[in-house]
There are 4 protein chains.
Amino acid sequence: MRAAFGLVGGDLRQVYLAKALMAGGQSVLVSCLEGAAAGLAQASLKQLSSECQVILLPLPATRDGLTLNAPFAQEAVPLDHRFARLFSGKQVFGGMMEKLMASSPLWQAADCRDYYLREELVAGNAYLTAEDAVGLAIAEYPGGLGGSHCLVTGYGRIGKALCGMLRGLGAGVSCSARKAEDLTCIRASGCQALRYHELGRPFDVIFNTVPAPVLGEQALSAQAQDTLIIELASPPGGVDLEAAGRHSVRVLPAPSLPGKMSPKASGELIKEAVYNILAEG
Amino acid sequence: MRAAFGLVGGDLRQVYLAKALMAGGQSVLVSCLEGAAAGLAQASLKQLSSECQVILLPLPATRDGLTLNAPFAQEAVPLDHRFARLFSGKQVFGGMMEKLMASSPLWQAADCRDYYLREELVAGNAYLTAEDAVGLAIAEYPGGLGGSHCLVTGYGRIGKALCGMLRGLGAGVSCSARKAEDLTCIRASGCQALRYHELGRPFDVIFNTVPAPVLGEQALSAQAQDTLIIELASPPGGVDLEAAGRHSVRVLPAPSLPGKMSPKASGELIKEAVYNILAEG
Amino acid sequence: MRAAFGLVGGDLRQVYLAKALMAGGQSVLVSCLEGAAAGLAQASLKQLSSECQVILLPLPATRDGLTLNAPFAQEAVPLDHRFARLFSGKQVFGGMMEKLMASSPLWQAADCRDYYLREELVAGNAYLTAEDAVGLAIAEYPGGLGGSHCLVTGYGRIGKALCGMLRGLGAGVSCSARKAEDLTCIRASGCQALRYHELGRPFDVIFNTVPAPVLGEQALSAQAQDTLIIELASPPGGVDLEAAGRHSVRVLPAPSLPGKMSPKASGELIKEAVYNILAEG
Amino acid sequence: MRAAFGLVGGDLRQVYLAKALMAGGQSVLVSCLEGAAAGLAQASLKQLSSECQVILLPLPATRDGLTLNAPFAQEAVPLDHRFARLFSGKQVFGGMMEKLMASSPLWQAADCRDYYLREELVAGNAYLTAEDAVGLAIAEYPGGLGGSHCLVTGYGRIGKALCGMLRGLGAGVSCSARKAEDLTCIRASGCQALRYHELGRPFDVIFNTVPAPVLGEQALSAQAQDTLIIELASPPGGVDLEAAGRHSVRVLPAPSLPGKMSPKASGELIKEAVYNILAEG
């Protein structure tokens with residue numbers, strides 16, 4: 001067993017995960033990362049699987065269920081029995097593992113864990129998502145956020161983080177929620193609490209975190225020409241795109257921001273989740 | 001039925017609750033509040049119970065289980081059958097109602113609700129507690145919080161609110177927690193995340209929110225002479241008082257702050273909880 | 001020369017100044033501090049003046065021009081020639097030194113410096129004043145600051161610090177100013193910018209920092225019963241007290257807060273100013 | 001006189017300035033903005049100069065002293081006598097007007113004002129610059145700012161705004177300054193105060209606001225591989241680029257951010273400055 005961790009596939013998060021492990025004194029082999037592996041010890045899949053006891057797959061492990069999520073690999077990595085058999089008896093960590101595990105019954109022979117089920121990873125991702133969304137808003141909104149009036153829909157992890165960051169930048173913040181408890185917290189932290197039927201008023205930037213149709217005709221028809229909507233929820237998101245088009249409101253789809261805008265921080269969150277899983281046994 | 005709400009007993013929160021209801025257009029009668037009832041319509045218990053359909057008892061309804069919590073009443077109000085019988089068939093709202101309801105089987109004839117079980121009230125109270133603790137620290141700590149280094153133990157509702165407020169005042173903040181998720185959130189929001197065995201370092205002000213012995217010999221022996229500990233957890237709290245004495249660390253017990261320092265805000269939170277219960281039927 | 005610094009008179013700030021100097025390895029003698037000198041090396045005035053080269057007088061050095069500002073002295077310390085002569089040839093630092101120096105021509109024989117003219121001391125005091133005012137508001141206002149609407153009059157050092165801290169606690173903040181530049185900065189930092197004729201609207205807490213009549217009939221008549229005004233400007237302040245009385249608005253005079261609420265931080269600021277003066281020669 | 005304001009040349013700020021004026025009910029003609037004039041009333045230079053009393057030139061009015069700053073003009077606009085003569089007797093507002101006014105003595109016949117000398121415009125620009133720099137850092141730094149450690153060099157307008165915003169996003173912030181007063185304010189607002197010889201320690205993101213060589217060998221050699229420096233000072237800036245190259249530290253030049261990233265906010269600040277000049281006569 002030459003290397004502690006074998007990383008297979010993935011995007012820049014996987015590269016930074018490798019570096020974070022190495023910075024912590026771990027030995028690391030990577031495979032299927034050819035296009036971004038400068039400074040990392042590369043190995044064939046076979047070699048890696050024979051030398052490493054802990055295998056780290058990307059987040060998500062696969063998008064289509066047919067090939068590994070490996071945008072930097074020289075060639076596509078099919079999720080067949082041969083691939084699964086490589087990791088028999090290994091500890092295999094990856095993100096959103098269902099589709100991968102459905103690709104071959106041989107995955108049953110591995111000790112597979114989904115690190116994306118870890119609360120600390122989900123929580124850390126929410127802060128990164130909020131920060132990246134703020135960065136996007138600064139870049140794309142032609143006005144300033146300081147002194148502007150922003151709307152955040154939803155007061156989950158991302159919504160909460162957004163409210164705090166936007167206020168920290170000097171924005172006035174309204175936030176919509178359903179639960180009485182959330183409305184109380186929104187108010188107490190200096191934001192304006194709105195219910196979903198109260199969104200028919202103008203905002204400078206709107207951040208949607210709700211995966212349900214919350215921004216429809218009423219809200220969209222009230223927006224000015226420069227209003228920017230940043231859609232953070234997964235498709236189909238929370239914005240009535242047809243109504244947005246009719247009222248010329250710009251909607252910027254912004255899915256999976258941390259992987260793109262904060263790959264180093266994302267990789268480090270994965271490292272920590274993996275360590276925590278290993279520590280808990 | 002002359003008045004919508006009948007308020008019985010309680011402290012200044014109850015007075016502000018009455019005013020908040022009246023400001024919202026409601027008719028209100030009060031009883032057992034003689035010492036603080038200026039501007040409120042007073043009635044005898046009998047009159048109030050016959051005229052009002054919704055009865056609002058204080059938070060807590062009783063402390064000793066024997067008498068109503070009524071510090072402003074002219075005389076003690078015993079929790080006997082006679083008292084309970086007055087509210088037969090009424091909607092009775094109060095905080096921490098168990099002891100009161102145990103005082104007489106006749107309470108079964110009333111529709112009793114504990115508003116302190118409402119999440120929006122608990123959440124709002126946590127913000128008030130955090131703010132009041134900050135106010136106490138400003139008043140009692142001879143240094144300044146801006147530029148100081150504070151410790152918050154625990155990352156529950158109060159701990160979270162404290163971290164944000166202290167940072168908002170310019171303090172450096174460390175926060176101790178057990179859960180990996182909490183440690184991630186603490187770090188992401190600009191505080192230093194500590195585990196409980198890492199508290200043996202000096203802080204200027206320490207806010208304890210944990211009702212378990214987390215501040216013992218190790219932590220207390222590391223504190224300087226001016227360090228102030230604000231104990232927010234219910235007795236016996238989280239501080240080893242004997243060790244604190246030995247190391248001359250000042251511990252300020254600070255239970256139930258909102259009732260004392262923010263009675264108006266507390267009363268308004270109760271009003272909202274009551275309204276929400278009524279709205280939900 | 002046995003001791004580096006001789007401290008004469010003063011309040012708790014002077015005590016903490018002594019401790020801060022000692023913590024930095026300096027030898028210190030104190031005099032005219034009998035009531036608060038536990039743990040400090042006391043000396044008679046004569047002894048102190050013969051043994052110390054640098055004399056630290058309080059802030060202010062005198063209030064009445066006749067006696068030293070020495071609330072903890074066993075007896076009053078008259079500012080006569082005899083007192084002045086003690087410090088002939090010494091470096092004498094104090095705050096607001098004019099009146100003291102006018103008390104005897106013999107002060108010309110000392111190298112007197114006013115540390116309260118140092119910008120770093122004035123700046124640090126402004127932050128402390130703002131923080132202490134916030135602490136006072138939390139203690140005295142029966143509502144909560146989080147979610148409240150506060151007014152800060154004036155956008156000088158104290159006003160700026162107040163705006164930031166109040167927002168950091170979750171308050172909505174309006175700030176009044178005259179200069180276009182200030183109005184721009186107020187807006188950009190997330191506060192509402194008001195001109196002085198626009199104060200006729202209700203606020204929860206008002207912090208006056210302007211030593212000119214800015215809160216008159218128009219503003220005061222718009223306030224609710226629970227509104228609290230914290231008067232930070234020196235008498236006569238900025239509030240029309242007669243109108244405040246007429247409209248039952250509570251005005252809390254709050255002069256010189258840091259000396260009372262943050263004596264340790266104040267003492268440390270004085271230490272730093274003294275060090276800076278000494279370093280600059 | 002058909003139109004109140006005639007806008008000549010400029011970038012998107014000028015477009016948003018036109019829109020802001022029109023939103024305020026003003027009539028506006030534009031010229032030399034062909035590439036971005038959708039929705040605006042265009043006119044020839046001659047027509048515009050004859051119909052408008054107040055002429056608004058861009059910020060800066062010219063870069064090279066030879067042609068108007070007019071990136072959206074169909075063709076270059078030479079700063080010759082003919083151009084200057086057009087505005088004889090007019091009120092002409094522009095930013096950084098020296099070079100333009102040096103281009104022809106005929107500008108003496110116009111009432112020229114430099115709106116970029118207005119404090120409210122400079123102050124507003126500083127907030128925008130800080131915000132845009134934060135947006136750039138979020139986009140370009142592969143880690144997250146929340147929980148990171150940032151350095152801001154300089155505590156002028158931009159440095160101050162940066163410190164506040166970065167803290168508001170959850171970053172730990174160090175700020176370097178020379179003046180004792182600034183060091184005090186930095187500390188009091190929760191940042192770490194550094195002197196310039198203390199920069200030899202690692203940071204995640206460094207924002208340079210100082211137009212003097214403050215980031216040299218010592219500071220640069222201490223940085224990690226992922227450290228990002230955002231250079232906000234005008235060339236040659238404050239970073240020793242050669243040393244940065246030697247230590248593989250990425251330096252991102254970021255001059256004049258508001259014009260590029262916040263043209264709407266910039267245009268509105270110009271509008272306000274122009275209005276204030278007109279109001280003051």
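**Chain relations, interfaces and fold in a predicted four-chain model**

The model is predicted: local features need pLDDT of at least 70, side-chain atom pairs count only at pLDDT 80 or more, and totals for chains, interfaces and linings use all residues. Residues are numbered from 1 along each chain as its sequence is written, while chains are lettered from A and ligands numbered from 1 in the order in which they are written.

Of the interface residues of chain D, 100% are also interface residues in chain A, so the two copies meet through the same surface. The contact takes 23 residues from chain D and 23 residues from chain A, two residues being in contact if their C-beta atoms, placed from the backbone, lie within 7 Å. On the side of chain D that touches chain A, helix 5, helix 6 (157-168) and helix 11 of chain D each supply at least two residues. Helices (H or I, at least four residues) and strands (E, at least two) are DSSP runs, numbered from the N terminus. Helix 5 of chain D gives the largest share of this side, eight residues. By class, the side of chain D that touches chain A comprises 13 nonpolar, six polar and four charged residues. In this division Ala, Val, Leu, Ile, Met, Phe, Trp, Tyr, Cys and Pro count as nonpolar, Asp, Glu, Lys and Arg as charged, and the others, Gly among them, as polar.

A second pair is formed by chain A and chain C. Ten residues from chain A and ten residues from chain C make up the contact. The side of chain A that touches chain C has two nonpolar, six polar and two charged residues.

Within chain A, an automatic or database domain assignment sets the domain bounds. Domain 1 covers 3-117 and domain 2 covers 122-259. The C-alpha centres of domain 1 and domain 2 of chain A lie 35 Å apart.

Chain C contains an open sheet of six strands in the order 8-7-6-9-10-11, with parallel pairing; two strands pair if DSSP finds at least two bridges between them. Strand 8 and strand 11 of chain C are the edge strands, each pairing on one side only. From one strand to the next the twist averages 20°. Strand 9 (residues 205-208) of chain C runs parallel to strand 10 of chain C and is joined to strand 10 by four bridges. One residue of strand 10, C:Glu231, is the bridge partner of C:Asn208. Helix 5 (residues 119-140) of chain C packs on the sheet and touches strand 9, strand 10 and strand 11 of chain C, its direction making about 150° with that of strand 10. Axes are lines fitted to C-alpha atoms, for helices over the stretch in contact, and angles run from 0 to 180 degrees between N-to-C directions.

Helix 7 (residues 180-188) of chain C is mostly covered, with eight of its nine residues buried. A residue is buried if 20 or more other C-beta atoms lie within 10 Å of its own, exposed if 12 or fewer, and partly exposed in between, with C-beta atoms placed from the backbone. Among the buried residues of helix 7 are C:Leu183, C:Cys185, C:Ile186 and C:Arg187. Within chain C, the buried residues of helix 7 pack against helix 6 (157-168), strand 7 (172-176) and strand 8 (192-194). They also pack against helix 5 (119-140) and helix 11 (263-280) of chain D. After helix 7 of chain C comes C:Gly190, with a positive phi near 90°.

Most residues other than glycine have a negative phi, and most peptide bonds are trans. In chain B, the peptide bond from B:Pro235 to B:Pro236 is cis, with omega near 5°. B:Pro236 is placed in the loop between strand 10 (228-231) and helix 9 (241-246) of chain B. In chain C, a cis peptide bond joins C:Pro235 and C:Pro236, with omega about 5°. B:Ser256, a residue other than glycine, has a positive phi near 50° and lies in the loop between strand 11 (250-253) and helix 10 (257-261) of chain B. B:Ser256 counts as partly exposed, with 16 C-beta neighbours inside 10 Å. For C:Ser256, phi is positive at about 50°, and C:Ser256 is partly exposed, with 15 other C-beta atoms within 10 Å.
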